[in-house]
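Some backbone and strand-pairing questions follow. Here are the sequence and the structure.

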Amino acid sequence: SQVQLMSAIITFNLDGASGNALARAEIIAAEPEVRAALARQDRPALLAATSGMFATQKDKYSVTQVQFHRAPATSFLRLQAPERFGDDLSSFRPIVVAVNREQTAKKGMETARSGPAIFGVAPIAAPDGTHVGSVEVGMDFGPVLDRLKAAYGLDLTLFLDEAPLRQTATAMDPTVLAEQNRVGSTIKYYSTDWDLMRTLVTSDDLRVHDEPSDYVRKAAGKPYGVIIVPLRGASGELLGAVAVTQSFAPTRGAADAH
């Protein structure tokens, strides 16, 4: 029951974070100034209309990325890096391609130039109703995992497959790829307690699973329940896994007493 609860907590909260990101993206996409500026490809006007909003969202709600795209998948403006624009995202951002092709909002997890995030992507129509592009809101995993630790007493670590991370996240902090963060073919991207988790999770534990897997292992003489939850992108591709752990010492002790 504890393992099932741990699995439900991480699944529910990651889905909730992507829903929050999508709601914010849809609000931005509906703004008349945003629609008009993107339609006429006026980057300075779009930046002026949205930079204050982004600063507030970043400080209060852990929104780390807001990017506007011209259809079908060309970066038009990154609020977190306004100097970088014009690159084609179609080869590694399937959610952006899908939103502009289908003209419907979508949510999910993907790896962008600046790193992995939880995204909501909404289409944008010009004032005359013509589809012109999209906007994405990205929320970093770190604050989400930190909130789960504070609320439930869980420790969590995000592991990502190293090869696609290196290929795609070219603007990411390079120290993430340091040797001490490597576990087999994966990279520890964020952890609420890396000293603990590195004793509980091995490369064999992180091998591809279609479904969550769980086990009990000791660290510092205490038993910990661990669940490995596969993390898939918006189009179904495997990105890595989230490892979730909690000490089972209290329940084990109670069981032994009986």
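Q: Which loop holds Pro 72?
A: This is a predicted model, where local features need pLDDT of at least 70, side-chain atom pairs count only at pLDDT 80 or more, and totals for chains, interfaces and linings use all residues. Residues are numbered from 1 along each chain as its sequence is written, and side-chain values use heavy atoms, without hydrogens and water. The bond from Ala 71 to Pro 72 is a cis peptide, omega near 5°. Pro 72 sits in the loop between strand E1 (63–70) and strand E2 (74–78), with strands (E, at least two residues) and helices (H or I, at least four) taken as DSSP runs, numbered from the N terminus.

Q: Is Gln 41 buried, partly exposed or exposed?
A: Gln 41 lies in the loop between helix H2 (32–39) and helix H3 (43–61). Its phi is positive, about 55°, although Gln 41 is not a glycine. Buried means under 20% relative accessible area, exposed over 50%, partly exposed in between (1.4 Å probe, protein chains only). At a relative accessible area of 48%, Gln 41 is partly exposed.

Q: Is Ser 62 buried or exposed?
A: Ser 62 is in the loop between H3 and E1. This non-glycine residue has a positive phi near 60°. Its relative accessibility is 19%, which counts as buried.

Q: How many bridges join strand E4 to E5?
A: Two strands pair if DSSP finds at least two bridges between them. E4 (residues 115–125) and E5 run antiparallel. Val 121 stands opposite Glu 136 in E5. The bridges joining E4 to E5 number eight.
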